[in-house]
Amino acid sequence: MRARLVVLQILVISLLAVLAVRLWQVQVMRGPEFVEAATETRTRAVVVPAVRGQILDSAGRPLVRNRTALVVSVDRTRLVRLNDRGEAVLRRLSAVLKEPVAHLRQRLRSCGPGVTRPCWPGSPYQPIPIHDDVSTRQALQILERQEEFPGVTAEIQAVREYPWGSSAAQVLGYLQPITQQELDRRKGLGKGAFSGVDVMGRDGLESVYDEALRGTPGLRRVAVDRLGKAIGVEQQVAPVPGDTLITSIDAKVQHIVERALADAMKSAPRADGAAGVVLDPRNGRVLALASAPSYNPAIWTGGISEKEYTALLSGSKGKPLVSRAIKGEFAPGSTFKISSVAAMLRDGYPLNGKYDCPGSFMVGNRPFNNFRGIGLGVLTLHTALVKSCDTIFYRAAYEQWQRDGGIKPKPTAKEPMAAMARAFGFGTRTGIDLPGESSGRIPGRAWKEELWTATKDTSCKRAKTGYPEVEKESPSRAAFLKRLAYENCLEGNQWRAGDAANFSIGQGDVLVTPLQLASAYAALVTDGQVRSPRVGWALMRPDGKLVRRIEPPVRGKLPLSRKERVYIKNALSEVPSDGTAAGAFGGWPMDQVRIGGKTGTAEVYGKEDTAWFASFAPTNNPKFVVVVMISQGGMGGSSAAPAVRKIYEGIFGLGAQPAAPAQPGAAPVPARAALPDRRPATRLPLIKPDGTVGE
């Protein structure tokens, strides 16, 4: 026993010695290190997002601005570490916010395949906002009882607001949280970096000018107690607000265009969409860009439901998220004849020549008819545009096709009409400062060959199997499709005479966007330069200091002389008074403001015609180009042209508006001009040092 006690004493003394040495190491040797570590565990680095810049119109009116709101956010990572994975916290939060627990759980889920909205599309490691506008009382209930709401914060944040509602929704775009992948790509807090609690522009101007609008986030290092409650600020770096984007959009003109499109769609029973463009042809600035149907971008604020999101992309709802003005591709009909006339002039057809306009013209062995088969006699090119004769253009296209070798093209085939269309900017994106623009389509021999190569196998297969799924509903339609597939299988690469004829009047496989057409007319009626339109005009600091101007670049030049451009413009100047748009502009004061333009009625298989009217005013010195397209609108002169008239009435104040409802029976009062000077703004709005807009 004595020996065992000695061993035990030695063991105890050894352990005490080891403990003493360890205490000496911790308290003396490594004491400063552990003090610093303990201090760090009592601090939190809080990223302070910068206030996002406003988006203003050309007069300084806000198109998008910020409002302050109390936003409740949840740190999901911290919540799931609790014993019950945060269930008790969510129940208490549900009682405060008056929202079901199930709804809160939905907002905390990460979006992904099979996950319906609402869900969180951003990084799972950043605070997730679950309510974007709580009351002060609700916020205090959370902040004063942090021990009951770990991982939950309530802070004042800037929330996007849209004073004009759905106006210019597709132009402005919307915001969504930044994803973890985007955070990983761009770390740090420098200019243009993401803060982790910021949102990012996903469409429209919000996307294109996102870096400038977002600003630079700040950093605040706060001391916290054991419950995580802030007790002081140790370090603070102030955020730098984002720049203000001044646009060339005029909010009043934009509203007028949106209203004109809505009225036009109501007057055309089968209309399923519309677009309107207003340009300053002298510099390529966009004064209005509208698409119908539209939506209110505020729907994105605070999270969007699955039903709302589906409606934005639904074909039955008209896909309101898609801008038909820049993304919609449609056959342009006779509005395209400005390009065909120009191609004839470049190909040697005399400017002042005489051309026969019969009711029908044989293209190969197939008759191509004039509108309603009516012949108009011998015309000049001037009158051919005013009266919109088709057969003159059929003949020219057929003759050019023959000179290029017909079915067996020459190695030096010129394809004058396709070449001129590309010179006008058709078939390529205009380069506007908006995302997702479509390029349209200018077909030709090379395009036909490429299409045939890509579709030959399918055509040959269908030539054998036919279309049994169509035959059940329409045997004649199925037989037609099978015969067409057989022809395409054998010789679908051939650019036929009929293709060329249809091309000349903007039919067949020709597709353009409303913006492309407006840009082409702007070049024709001014200096011949094809410009890349711009919506952004300038970026300014919130105190009014100019950061940079945004100038529309020139991307091409029309291969026409000034004499030729003036000739075509003069012909178009008679269309609203003596041509195909005369009915829509009856009674218009041409002596005050003369309008020029061209109607277009494009056939679409299985649907009503697409209605167009492309115009400019005043004709002697154009300051506006206005293009309206009504999908399934019918005749251009009876559907699109009246909409354009309403737009000009609003711009120039030449129409009349009904008296106020409080004055029944009162006479209409003169409308006020949206632009008092009857011209686009030439100077940037004045932003004062305090951020307000001056006169």
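In this predicted model, Cys119 is buried, with a relative accessible area of 12%. Its partner in a disulfide is Cys111, and the two sulfur atoms lie 1.9 Å apart. Cys111, by contrast, is partly exposed, at a relative accessible area of 29%.

## Disulfides

How many disulfides does a search of the whole structure find? The search finds three. The table lists each pair with its sulfur separation and the angle about its S-S bond.

| Pair | S to S distance | Angle about the S-S bond | Hand |
|---|---|---|---|
| Cys111 and Cys119 | 1.9 Å | 100° | right-handed |
| Cys357 and Cys389 | 2.1 Å | 110° | right-handed |
| Cys460 and Cys489 | 2.0 Å | 90° | right-handed |

When the bonded cysteines of the protein are numbered in sequence order, the pairing reads 1-2, 3-4, 5-6.

Where in the chain do Cys357 and Cys389 lie? A disulfide joins Cys357 to Cys389. This pair links distant parts of the chain, 32 residues apart: Cys357 belongs to strand β13 (residues 355-357), and Cys389 sits in the loop between α14 (381-387) and α15 (391-403). Cys357 has a relative accessible area of 1% and is buried. Cys389, at 0% relative accessibility, also counts as buried. Both residues receive this label because the limit for buried is under 20%.

The disulfide of Cys460 and Cys489 has an S to S distance of 2.0 Å. It too links distant parts of the chain, with Cys460 in helix α17 (residues 445-465) and Cys489 in helix α19 (residues 475-491), 29 residues apart. The relative accessibility of Cys489 is 14%, so this residue counts as buried.

## Cavities

Rolling a probe the size of a water molecule over the atoms shows where empty space is left. A search of the whole structure finds four cavities of 30 Å³ or more. The largest cavity holds about 130 Å³ of space. Which residues lie nearest the centre of the largest cavity? They are Glu415, Pro416, Met417, Trp495 and Ala500, from a lining of 13 residues. Two or more lining residues come from each of the elements α15, α16 (416-423) and α20 (497-504). By class, the lining of the largest cavity comprises nine nonpolar residues, one polar residue and three charged residues.

Methods. Residues numbered from 1 in each chain as written. Predicted model: local features only at pLDDT ≥ 70, side-chain atom pairs only at ≥ 80, totals over all residues. Heavy atoms only, no water. Disulfide = S-S within 2.5 Å. Buried < 20%, exposed > 50% of the residue type's maximum accessible area, 1.4 Å probe, protein only. Helix = DSSP H or I, 4+ residues; strand = E, 2+ residues; numbered from the N terminus. 1 Å grid on protein atoms, 1.4 Å probe; cavity = no way out; pocket = protein on both sides within 12 Å on 5 of 7 lines; lining within 4 Å. Points joined across faces, edges and corners; volume = space filled by probe spheres on them. Nonpolar A, V, L, I, M, F, W, Y, C, P; charged D, E, K, R; others polar.
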